[in-house]
Amino acid sequence: MTAPVRTEPSTVKVALGARSYDIVIGRGQIASLGARIAALRPGVKVAIVTDENVGRRHLAAAEAALAEAGIAASRVIVPPGEGSKSFGVFEQVCEAIITARIERGDLVIALGGGVIGDLAGFAASVVRRGLDYVQVPTTLLAQVDSSVGGKTAINSAHGKNLIGTFHQPILVVADTAALDTLSPREFRAGYAEVVKYALIGDPDFFAWLEANWREVFAGGAARERAIVVSCRAKAAIVGRDERETGERQLLNLGHTFGHALEAACGFSDRLLHGEAVAAGMALAFDFSARQGLMPAAEAERAIRHLAAVGLPTGPQDIAGPLPPVDQLLALIAQDKKVKRGMLTFILARGIGSAFIEPGVDQGAVRAFLSEKLLRR
Ligand SMILES: NC(=O)c1ccc[n+]([C@@H]2O[C@H](COP(=O)([O-])OP(=O)(O)OC[C@H]3O[C@@H](n4cnc5c(N)ncnc54)[C@H](O)[C@@H]3O)[C@@H](O)[C@H]2O)c1
Ligand SMILES: [Zn+2]
């Protein structure tokens, strides 16, 4: 594969005092990785953690960029998929980083999607009591969401992301050309998180997405713009609430309903994370309208856009059996504190006006979901 043409990148800053870092976004930017790392940490060694799919396509470019800057790199390649966010693979990655003689002051590079970012970031946060790391996200979901903000995790038998840390990267390099090799379905799933930022707090961005989503899917300047706007939105929220004690919870829009559906599908290829989030956001908007928070037409507009790009907007779009409503409610209540029958949801007063609602009545959610399940 010939190297993609490198264009002038955009930079978004995550402002966290001494832990601040840049997100560099642009076509061909993997080629700049070595020079950027050499400038930040002269003389370091690195271990690149990646998965087999990404390794096959993008590891050579990353290694070439590092070699060009005189940086010694070793590689740690794990199987692709959510299954790698396990204790077993985590142990292998930690041992491989130690075997590669990565010391305090050296670096781990996470080259891949959200699975690699979470796994390598977690390993970096604990090996030798904490190593710096760089995110090189290669899925749309990772470029607009998981590579930014410093959440790392692996999964427990009790649930997803239950074992992890907050550990900010020192740099994020998002090469938009890497997305050219992503499957259309994975790209579309990641796009749900782009729409999420618009629905949370940016009505103008939503209107822009309605008008330009085809160009975003096609690549080029519109894609880069969508990623930049998304990263700016996430960086701003993380900058104000790094540890999710307040405002950062807004980023869970669509994730409460979404997680229940994802869990009901066994976290499998039946329903990708972004697809579940799309369905969850559609449900959250519909539910908000039913609660009288916004006109029905406003919720319909949000849902119409998700449907237009081919994302699911509720249980009716999910093939195969789904559990009965009480089981879905149990899944919703599982990772939430239920206080006197009340649940916390991210609801909205309109497109771009999401808010945290800690007092959602379980009975209302039950009635709403029952009706949705009946319509399948
Ligand atoms: N830390 C956070 O803040 C945060 C936020 C959201 C999601 N996540 C986590 O992210 C994970 C999901 O991330 P994801 O959707 O990127 O999944 P993923 O990392 O599994 O990637 C999806 C698939 O695409 C492949 N792939 C990746 N880049 C590719 C490329 N450029 N070309 C071809 N194939 C490529 C991967 O090998 C994999 O098969 C979940 O584990 C989720 O919990 C974390
Ligand atoms: Zn998500």
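User: How many cavities of 30 Å³ or more does a search of the whole structure find, and what is the volume of the largest cavity?
Analyst: The model is a predicted one. Searching the whole structure turns up one cavity of 30 Å³ or more. The volume of the largest cavity is about 30 Å³.

User: Which helix supplies the largest share of the lining of the largest cavity?
Analyst: The lining consists of F257, A260, L261, L283, L328, I332 and L369. Two helices, α9 (255-264) and α12 (325-334), each supply at least two of the lining residues. The largest share is three residues, and the helix they come from is α9.

User: Which residues coordinate the zinc ion (ligand 2), and at what distance?
Analyst: In sequence, the donor residues follow the spacing E-x61-H-x17-H. One pair, E193 in helix α6 and H273 in helix α10 (residues 273-290), links distant parts of the chain, 80 residues apart. The donors are E193 (OE), H255 (NE2) and H273 (NE2), at 2.1 Å.

User: Is E193 buried or exposed, and how does H273 count?
Analyst: Buried means under 20% relative accessible area, and partly exposed lies between that and 50%. E193 has 0% relative accessibility, so E193 counts as buried. H273 has 22%, so H273 counts as partly exposed.

User: What span should helix α6 have, and what is the distance between its end C-alpha atoms?
Analyst: Helix α6 covers residues 184-201, which makes 18 residues. At 1.5 Å a residue, α6 should span 26 Å. The end C-alpha atoms agree with this, being 27 Å apart.

User: Is α6 largely enclosed or largely open?
Analyst: Of the 18 residues of α6, 13 are buried.

User: Where is M294, and how far in space is M294 from I351?
Analyst: M294 sits in the loop between α10 and α11 (296-308). At 6% relative accessibility, M294 counts as buried. Leaving out residues up to four places away in sequence, M294 touches F285, S288, A289, A299, A348, R349 and G350. M294 and I351 are 57 residues apart in sequence, and their C-alpha to C-alpha distance is 9.1 Å.

Terms used: Residues numbered from 1 in each chain as written. Chains lettered and ligands numbered in written order. Predicted model: local features only at pLDDT ≥ 70, side-chain atom pairs only at ≥ 80, totals over all residues. Heavy atoms only, no water. Helix = DSSP H or I, 4+ residues; strand = E, 2+ residues; numbered from the N terminus. Expected span 1.5 Å × (residues − 1). Buried < 20%, exposed > 50% of the residue type's maximum accessible area, 1.4 Å probe, protein only. 1 Å grid on protein atoms, 1.4 Å probe; cavity = no way out; pocket = protein on both sides within 12 Å on 5 of 7 lines; lining within 4 Å. Points joined across faces, edges and corners; volume = space filled by probe spheres on them. Donors = N, O, S within 2.8 Å, 3.2 Å for Na, K, Ca; no water. Contact = heavy atoms within 4.5 Å.
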